[in-house]
Amino acid sequence: MARFTESQLNKLKTDISLVRLIQSQGYDLKKSGKEYIMQCPFHDDKTPSLKVSVEKNVFNCFGCDAKGTVIDWVMKTQGVSFKHACEILADDAGIHLDKEIVHKSTKPKLETPIDIQADKQKALAQVINFYCETLKQNTDGLAYLKLRGLTNPELIDTFKLGFANRTLGFRLPAANREDGKTIRGTLRELGILRTSGHEHFNGSLVIPVIDNTAEGGLITEVYGRKILSNLRKGTPKHLYLPGPHVGVFNQRSLASSDEIILCESLIDALTFWNHGFRNVTTSYGTGGFTDEILQAFKANKIKRVLIAYDRDKAGDSAADELSKKLNSQGMDTYRILFPKNMDANQYANSVQPAAKSLGIVIRKAQWMANADGSAETAGSRMVTLKVTNEKKEPAIQKSGDTKQMTGKKKLANEEKFIPLASPESLPEPPASIMPQAGSRTVAKLSDHEVNITFGESNTRKYRIRGLAKNMSYEQLKLNIHVIKGDKYHIDTFDLYHARSRTTYIKQASIELGHDINVIKKDMGRILIKLEELQEEQIQKAMKPEIETKPKLDDAQYEQAMGLLKTPNLMEKITADLTASGIIGEDTNKLTAYLGCVSRKLDKPLAIIIQSTSAAGKSTLMDAVIEMMPEHEKVQYSAMTGQSLFYMGETSLQHKILAISEEEGAHNASYALKLLQSEGKITIASTGKDETTGNMETKEYSVQGPVMLFMTTTAIDIDEELMNRCLVLTVNESIEQTQAIHAIQRQALTLDGLKANATKRAIINNHQNAQSLLNSIKVVNPYAHKLTFMSNKTRTRRDHMKYLNLINTITLLHQHQREIKTLQHDGEHINYIEVTIKDIKWANKLAHKILGRSLDELPPQTRTLLTLVKKMIESACKKEKTERAHYRFSRRDIREFTNWSDGQLKIHCSRLSDMEYLIVHKGGRGLTIEYELAYDGEISNNAHLMGLIDVKQLYDEQKIGQKIAKSDPSKGQVSPKLAPSQGSKNTPKVNGSNNHKQIDAQTIENARLGLEKSLSDNRINTMA
């Protein structure tokens, strides 16, 4: 490509006048001292802000910061490239430029690791050797091995482990050269290079499968495992060479024992080998047990195979199929059982020490089947290995052993029985550690900084801050303070930025008076150490927090279980809440407690407590919440609009989310409602890609289910929120206030001190009991008989609240119920059943809670209507006047009820809008007077119409039992109809044994008639 020399560019910049160039383009330049000014053409310039210096021959705009030489002017005004602008200027000015042609060499500057004359096998071996040497010098590759717990130093050389990081391609001749074309063609045929020219295993730990029985070792397969976790969507983590799988991994181990451990992946096989269990091999995934592996087993007379596949559905299924195949070939099979959804590598890294933990699962391997196909179905069997010295020598000798075993040796009649593949029976790995990228550096960690010292007597002290903010592998921006005596240097920079790092090293060496190479060496060791700490920090952050239930001692367990098994558990909970300081409010506190229990369900209840300020709603919520385990509740005073979306994905799952004031979560109300109804929320947000720096869309999710618990002082609750919640209203009567005052005074007495100590014990017992509750499925055998009012569409949600209330009561009594098991589609599902007593309790609470919420008047407004009616009845009786002639104002109501004027304005407006009150204008114009238009009966006993009479379920159960004893067919009884629906022909059931038998058609007609009555809301209320 043509390139202008520096002298030629300087000639253009100095010989061509910028002023004349601008004037030739028609711009208006005005003289201003020694310079010229003009309106800038590069932005909307009202007053001249661009200056042209005649002396320097440059321009500069103080408005948009455009500046430069004549070349920059042409580039900006004509929209051309740098090269094109130079050619335009040279042509217009008649300046001749001799262009220097620079040729790019295609000859590689590094030695090529691949011999051009090599055949495919030799070329593949050279590639594997190159990858192996790369791994030994690569910190990322070594860190990945350490992360997977593969720290035995013999692993790399024994199995020729390697790392591909694009450096192979840099060492190959260019494709336009003959050597490069030949070598690259060979590597493409092998599959090392793709058709695009990129390395197939780039970014991967490379594990070759080598047949060491062949002369010189034959590479039959290559596996690559990507080491990064933040791969682009769709990028495969596991790679192989093209074509079918060929070869047997660690084939020489088959000759050293008649037993073998068979893994699902090469990483798992290396894990066993790493910890001393050397007789191990692998298939290529669950479906990758090839005929070649089977033939190798047969050729080496393998008698027993321990299948160490992953403990998941695919692994279990594949192990069963493989067991049958191996049994048919005369081999016994065993199943190594890891914890659910774990593989060998995960297990070894989770349960330390790894060698001991792997030995345990080997010795407890489950006996699947004998060679003849027989199997043990119960328990597991201790696996032992029969070792005789007639077998061929192990491939790996004990460290320091100078005698090489050759051929076969016999010890007369000497046999030894030891656990299979026990580390004691195999060569011990040497005591050395995995090769490191640098010498070990000791760092002292605190909450906010890392301290590292170097030099004799620790003379150079480094203090590093800001590591906690570096959660990306692409950045290491830190504040580093180095001190030696009274000399120091401090700066903040990115350690991965070479120029910044060099500047720091140079300046620190000057300030401390040290040789620059000493500081440079320090910085290298610090960098390696900080990378280790950063890796630990990132991996820790990526692991989900595992919250464990508190451990209970025997006494605590017995006491908590005793509470859960109390026959009258509901009454006990109410009494305990009373003892903890909540006077009255029996329905509210029991419902709130049940709401918290429902966190264990797939569809939890939601609770909102409504009252005026200082009425005690927060006290009620706090008392109930305090009885729940700490690790199963999250409580906030307020939430911002998007705060919920950025919580951990499972940080709220099956927990209580308590918010002190609904107003404090107003901006988050949409997310809360969505989380309650759908059990999951997701947000798409823009953010910067940590690798490329480009903006991208990121998805954040929070999984439910979540039990929502809130309080509010709002008189009008958001309709959408109200539909999703059970609304509890606090008792604000004078009698309740007096009771609260009494308990507050009692708290200051000696009895109050004793009660407080008792309260703490009660709370602890309830917390322990709640931690013993499990999430279990609930089945309602009476579900098809339940009824519910259906005259409003909102009852669709209220009906689910009612059903979930029943399920919650059953869930609370799980330790008093028989746990039944259902086998369906190969799965075992445990469940408990609802009892009639549970439905009775749910009906009792539903009448009071849902009976209020389904009323057209909110509870507080209904209370005011009750008080107004009492006031008018009293006044009419006193004044001997009719109610229709009686007028009253808000002041009259305020004096009678002691309610605030603000409350009365809202509730009176609502009553007038709904035509319970008639508004009359007063004589003075502004005073509003009211007339009570409502003449119905008002009851404080809330009632939910449409619920089935529980007595009916008891009667049906009893009659069904009697008929079942006397008649093979099931006896049925017609539902009990309301008085208005009854007739002379309606069958009746009494307590006598001479009850009338009813045919099925009559029962069905009665049932349909009952359902129609319920749907029209024309039946009387059932108790």
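Which side chains meet in a salt bridge at 3.2 Å, N to O? Those of Lys 11 and Asp 15 do.

This is a predicted model, in which local features need pLDDT of at least 70 and side-chain atom pairs count only at pLDDT 80 or more, while totals for chains, interfaces and linings use all residues. Residues are numbered from 1 along each chain as its sequence is written, and side-chain values use heavy atoms, with hydrogens and water left out.

View 1. Lys 11 and Asp 15 both lie in helix α1 (residues 6-15). Helices (H or I, at least four residues) and strands (E, at least two) are DSSP runs, numbered from the N terminus. The two residues are four apart, about one turn of the helix. Their salt bridge is 3.2 Å, N to O. The term means a side-chain nitrogen of Lys or Arg within 4 Å of a carboxyl oxygen of Asp or Glu. Side chains of opposite charge can pair when their charged atoms come close. Lys 11 is partly exposed because its relative accessibility is 39%. Asp 15 is partly exposed too, with a relative accessible area of 48%. Here buried means under 20% relative accessible area, exposed over 50%, and partly exposed in between (1.4 Å probe, protein chains only). A search of the whole structure finds 27 salt bridges.

View 2. Helix α19 covers residues 586-597. At 1.5 Å a residue, its 12 residues should span 16 Å, and its end C-alpha atoms are 17 Å apart, which agrees. The expected span is 1.5 Å times one less than the number of residues. Of the 12 residues, 11 are buried, so the helix is mostly covered. Among them are Leu 590, Tyr 593 and Cys 596. Asp 586 forms a salt bridge with Lys 589, the closest N and O atoms being 3.4 Å apart. Both residues lie in α19, three residues apart, about one turn of the helix. Asp 586 is partly exposed at 44% relative accessibility. Lys 589 is buried, with a relative accessible area of 0%.

**View 3. Val 624 and Leu 590.** Val 624 is in helix α20 (residues 617-626). Val 624 counts as buried because its relative accessibility is 0%. Leu 590, in α19, is buried as well. Val 624 and Leu 590 are 34 residues apart in sequence and 8.9 Å apart in space, C-alpha to C-alpha.

View 4. Arg 887 forms a salt bridge with Glu 931, the closest N and O atoms being 3.7 Å apart. Arg 887 lies in the loop between α27 (859-879) and α28 (890-897), and Glu 931 in strand β35 (residues 928-932), so the pair ties together parts that are 44 residues apart in sequence. Arg 887 is partly exposed, with a relative accessible area of 32%. Glu 931 is buried at 13%. His 920 lies in strand β34 (residues 917-921). His 920 and Glu 931 are 11 residues apart in sequence and 7.4 Å apart in space, C-alpha to C-alpha. His 920 is partly exposed, with a relative accessible area of 24%.

**View 5. Salt-bridge network.** A network of salt bridges links Arg 890, Arg 894, Asp 901 and Lys 905.

View 6. Most residues other than glycine have a negative phi, and most peptide bonds are trans. A cis peptide bond joins Gly 704 and Pro 705, with omega about 0°. Pro 705 is in the loop between β28 (695-703) and β29 (706-712). Asn 250 is not a glycine, and its phi is positive, near 55°. Asn 250 is found in the loop between β11 (238-240) and β12 (259-263). Asn 250 counts as buried at 7% relative accessibility. Lys 880, not a glycine either, has a positive phi of about 55°. Lys 880 is in the loop between α27 and α28. Lys 880 is exposed, with a relative accessible area of 78%.
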